[in-house]
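Subject: Handover of a structure

Dear colleague,

Please find below the structure that I am passing on to you. My notes on what was found in it follow directly after.

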Amino acid sequence: MERSKKFLLLLFLMVFTCLTVAPTVNFAVHGNEITAKNGVLDLRDINFEEHNYVEMSGEWGLYWHKFLKPEKVPDNPSTFVSFPHMWMGSEINNETLPGEGHATYTLKIKVNEESLSTPKGLYIPLISNASKLWINGKLVSQIGEIGMSSKDERPTYNPQVITLDLDKPEFDLVLQVSNYSERNGGIWGEFLFGNAEELISMAEKRMLKEMFIIGGLTIFGFYHFVIYILRRTDRAALYFGILCLLIALRSLVVGEVVLTDLLPNFSWEWHRKIEYWTISIAFPVFLLFLNAMFLNYIKKSVLQISFFISLLYSLFALFTPAKVFSYTINFYQLIMTAMMLYVLFELTKAWKRNVPGVKVLLISTVIFTCTALNDVLYYNEWIHTGDFTSVGLYIFIFAQSIVLAIKYASTFQKVETLSIRLGELNNTLEEKVQIRTSQLERSQNELKQLNQKLEILSNIDTLTNVPNRRSLNQNYEEVWEMNKDLLKPITVFMIDIDCFKLFNDTYGHQKGDEVLKLVAQSLKNRLDMVGGFFARYGGEEFFALLDGKSVEEAVDIAKDMNDVIHKLKIQHKTSTVTDTVTISIGIAHSTSANLVEKDQLISKADEALYRSKQIGRDSISLFYQNEIKHL
């Protein structure tokens, strides 16, 4: 019954995640299919009936520290930048740009005449922090007031879709942008061009997704406030309700900036303060919730440090302008990341101790941590994915709502069950004692069996299903002591999958995990044939152990292992060795005549493996008779 509940909960989370993210899916042409080159975006080959809209990425013309009106823009820009373009740290003409400044961007767009039969539109993403846009010399959008100083500028956040009145298949776009209000100016997201109706629909879906998240968080928050009022000892419900409302408030000012639609004249400065302040307060509340939920697993000193830093940062964000406090976000993000890693560490320990409900919490916390790291990378312009912290937190909060509901239902059910049992015990005490005794014996037997299974599982690597490092240490100690007395040779193999990081970067970690499983099982099967021991050493490294084999036999087995991997023919197009997955092997051989100490044998095998990598990988090196030879 308990397993089915957990399965249904995880299934529900997966479906809910898909439904939450689905409204942002579009049918745009993106990636490297169509990009602007030298300030010209040629869309004449695009069929807008198949592709509703396209990303306007690529090379845009740039005039730094200049506001050029359309009639003053030269025909051929001398400087181009990759779009979207954030200023801080980017380089033009060997000059590193600051986060503050103003600029003019230009782009010429060409479409086929047939595409003009349907109204076209333009999606303008989040721009930091004010802009003007002209199409063919006509002003079509103004967001805030651009300026050449903080006094002249009036920053505003307002992603929007504008409908274009195009009568020619070629038109010029001139975009003026300024930022003197915070640390980093420029364009956060992709401009989109395409069918106006589809762009409006896409923007509405994004807005609906944001409203759905905000509404759900608000409902969750007040619901758990009611729970706390009815049961004051349950502080987890109080912290959970506060967390929900804080994240709902933050969701109003990020992403599609819903607050701008609700309150068009709301202060931009307070937009930024709300965004920073809610995160600085939400994180210690999040730690308090975890601590209350799982009986003080988080150390008191960690909580105190978190409170102190968050209090200072929230006060700093409240009483200083965005131009000042926005420069400190990287510091707070670093603190949050370190704290989240600590939380994951503590939750992992709780999971290993089989604390009820911690598995779902761990999974949802990992999802939240991934979305938070995504946002750190996104807002530092290392990736261009979008803001997903609200979605991650919504999934986390929804999961915990279910956990709390199950916890309360389970508590009530236990009370009812205990009441019934108490009545039965009063009537048939002796019979119940016998039944209970029998149940306890059965439970002890089950617990004993589970402990035996756990002992077995603790020696197995969960990903590859081969022995793990713990099993390796035990086996190596036993084999060494046994062979030391019998004076038999011992051979250690250190094996590494070549260029495995490149494989993960190219094919993804899920595919990488599949390769680890296949390689591990293939090599283990070969070692089993000769009575050897095989284990995962760590990451993409593996360990093999032979006893009683000559050095020649050990070398032949190493060559067989290399051939086994070659025959798998796993494609690896970014490998520096060949176009398939290969391995490098280091061997260390110890005999009574050429004795290598126990603690040094693995080290020498590792040195031999390093030699194999140095000479080009997909090779074997042997340490024997105090020297390393390449085979």
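In which loop is the place of P84? P84 belongs to the loop between β4 (80–83) and β5 (91–92). Please note that this is a predicted model.

Backbone geometry

Most peptide bonds are trans, and most residues other than glycine have a negative phi.

The bond between F83 and P84 is a cis peptide bond, with omega at about 0°. A cis peptide bond also runs from S128 to N129, where omega is near 10°. N129 is placed in the loop between β9 (127–128) and β10 (130–135).

N93 is not a glycine, yet its phi is positive, at about 50°. This residue is found in the loop between β5 and β6 (95–96). N93 counts as exposed because its relative accessibility is 60%, the cut-off being over 50%.

D618, also not a glycine, has a positive phi of about 50°. Its loop runs between α16 (598–614) and β20 (620–624). With a relative accessible area of 25%, D618 is partly exposed.

Annotated transmembrane regions

An unreviewed UniProt entry carries the annotation "transmembrane region" for residues 211–230, 237–254, 274–295, 302–319, 325–345, 357–379 and 391–409. Among them, residues 302–319 are 100% helix and 0% strand in the model, and the end C-alpha atoms of this span lie 26 Å apart. Residues 325–345 are 86% helix and 0% strand, with 31 Å between the end C-alpha atoms.

Yours sincerely

How values were computed:
Residues numbered from 1 in each chain as written. Predicted model: local features only at pLDDT ≥ 70, side-chain atom pairs only at ≥ 80, totals over all residues. Heavy atoms only, no water. UniProt positions renumbered as here; feature names shortened; annotations may be inferred. Helix = DSSP H or I, 4+ residues; strand = E, 2+ residues; numbered from the N terminus. Buried < 20%, exposed > 50% of the residue type's maximum accessible area, 1.4 Å probe, protein only.
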